[in-house]
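Student: Could we go through some backbone and packing features together, starting from the structure itself?

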Amino acid sequence: MTQSMHEYPISASGLSKRFGAVEAVRRVDLEVAPGRALGLLGPNGAGKSTTLSMLMGLMRPDAGEARIFGHPAGSPAARAVTGATPQATGFPDQVSPREILAYAAARYGATPDVDAMAERFGLGALIDRRVAGFSGGEMRRVALALAFVGAPKLVFLDEPTAGLDADAQEAFRETARAYVAEGGALVLTSHQWDEIEAISDAIALIDRGETVLHGDVDAFRARARVSRLSFALPDGAAPPGWMGAVRESERWRMETADSDAALRRLVEEGTPFADLSLEPLSLKDLIARVREEETNR
Amino acid sequence: MTSPNAMGALKAECALTLRILFRQPAFWVPTVLFPAMLYAFFGAQSGGGQWAANAMASFIVYAAVGVGFYLFGVSIAQDRVSPFATWQRSLPGRFVDQWIARIVAALIFVVIAAALVAVMALVMTDVSLNAAAWVRLSVVCLLSAVAATLMGIALGSLVSASASVAIANLIYLPLAYLGGLWVPPFAMPEVIAAISEWTPTRAMGELAWAAVEARAWEVDHLILLLAWALAAGALAAAAQRRTRPA
């Protein structure tokens, strides 16, 4: 147990998995440090779920190895410090969230304050009702609470907010950020870029079974120092040609590595812009740009 | 590793399993009534005195095998592929707890089912046993239930969910017949009688008949039953290891 202090929550190298003729995952390397959140991104069928299953120890890799705080993935020591969401469709109908939470807590040997958890995950009125008849969003809240009930040091979240309403999504993001801020490690998959962006500080992009990009979001931002400049123009006016701006509904926008220079020139030339905004690139556009750079290199 | 912690986890496992089952009366009511009904139709008519006692013992073993093997063992094939079971495998704790919980649940339902057979026998026939015979019969019933549940778990761990029920039928019904639970062993054709000697159901039957006839148990039958239970446990453990990397 002492060694776990110095080990990363996740260090996986060369993970490979084949299903018949299909190589679902090929030599995937991943690392997650304490107090960090990794977003696993990729199109459907890219190998995210297979990778997650191997990290959780539910599936044995054909090659490579995954270690959780230095212990083999799926080993008792690894499972003791890991939490995960069940797929929201799979609860036995006959039990209440309180009963499932108590069950999971007992498996961890934890004694959580179930009422506080119910509050935090929006289960207040649902906590003693049997889950039969719960909506998808209500099931999802139970699933999220279950991932955290054992006070784990590492949490796996597969599509954590699918089916949640906007308030519940925001509440969950708050919880996830607080967990990471307190030193917890998090791995999440999502199809929603804004969710990954709101929670993760590192990402791994998986495509056709391979990690095509893996690193800190800040590092990507530093590499592609690009911001998006957008503004409105009076009817009939066009932006100067040097900008290469494109029209997007009522506004014009351009992406630039040197927004200061672009802005100065716009002012000097007396361009009649209005309602100007300057924003960093969204994660999705940032990743697209970094990938483009890598393939052109 | 075996600490208050581990006991708490086992208790939680049993509580969850029993809650889920008991809250499905549509599942457990027919389950516990079935052997008594079958006994009323086919067992209670087999005469009086020792005949009646032996028939009751046979149907009590049949109840133990049916409920244990079928409903608590083989059903693991369906449960194993559910997303909830997948998540359970990601939790800390010993895997064997889930088997223990299944066996505990099976024992509870077997006791109810067997008690109903006994009540039916007392009402419909002139069966009368002394306390020692009832105790010994109960012991056989519980042993049989544990062995049958383990055999069911082994089968359920080996085959796919869709194949499990069909294969279970192919094993369970012949085993009941071969064990002499429906037709007494001496009335069997020679070849069948020879095979019968090696079946777990025959061992259960012999132990149960010895109990109601106030004869001593033969060690051979106890060993045969134990061997089947151990083999089933080993097979289930091996099947389990396939799906679990560590």
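This is a predicted model: local features need pLDDT of at least 70, side-chain atom pairs count only at pLDDT 80 or more; totals for chains, interfaces and linings use all residues.

Student: What span does helix α8 of chain B reach from its first C-alpha to its last?

Tutor: Helices (H or I, at least four residues) and strands (E, at least two) are DSSP runs, numbered from the N terminus. The expected span of a helix is 1.5 Å times one less than its number of residues; helix α8 of chain B, residues 161–178, has 18 residues and reaches 26 Å, close to the 26 Å expected.

Student: Which residues of α8(B) are buried?

Tutor: A residue is buried if 20 or more other C-beta atoms, placed from the backbone, lie within 10 Å of its own, exposed if 12 or fewer, and partly exposed in between. In α8(B) the buried residues are B:Ser164, B:Ala168, B:Tyr172, B:Leu175, B:Ala176 and B:Leu178.

Student: Where does a positive phi occur in a residue other than glycine?

Tutor: Most residues other than glycine have a negative phi. A:Ala151, however, has a phi near 50°, and lies in the loop between α5 (136–148) and β7 (154–158) of chain A. A:Asp275, in strand β14 (residues 274–280) of chain A, has a positive phi of about 55°.

Student: Why is A:Asp275 classed as exposed?

Tutor: A:Asp275 is exposed because it has 10 other C-beta atoms within 10 Å.

Technical notes: Residues are numbered from 1 along each chain as its sequence is written. Chains are lettered from A and ligands numbered from 1 in the order in which they are written.
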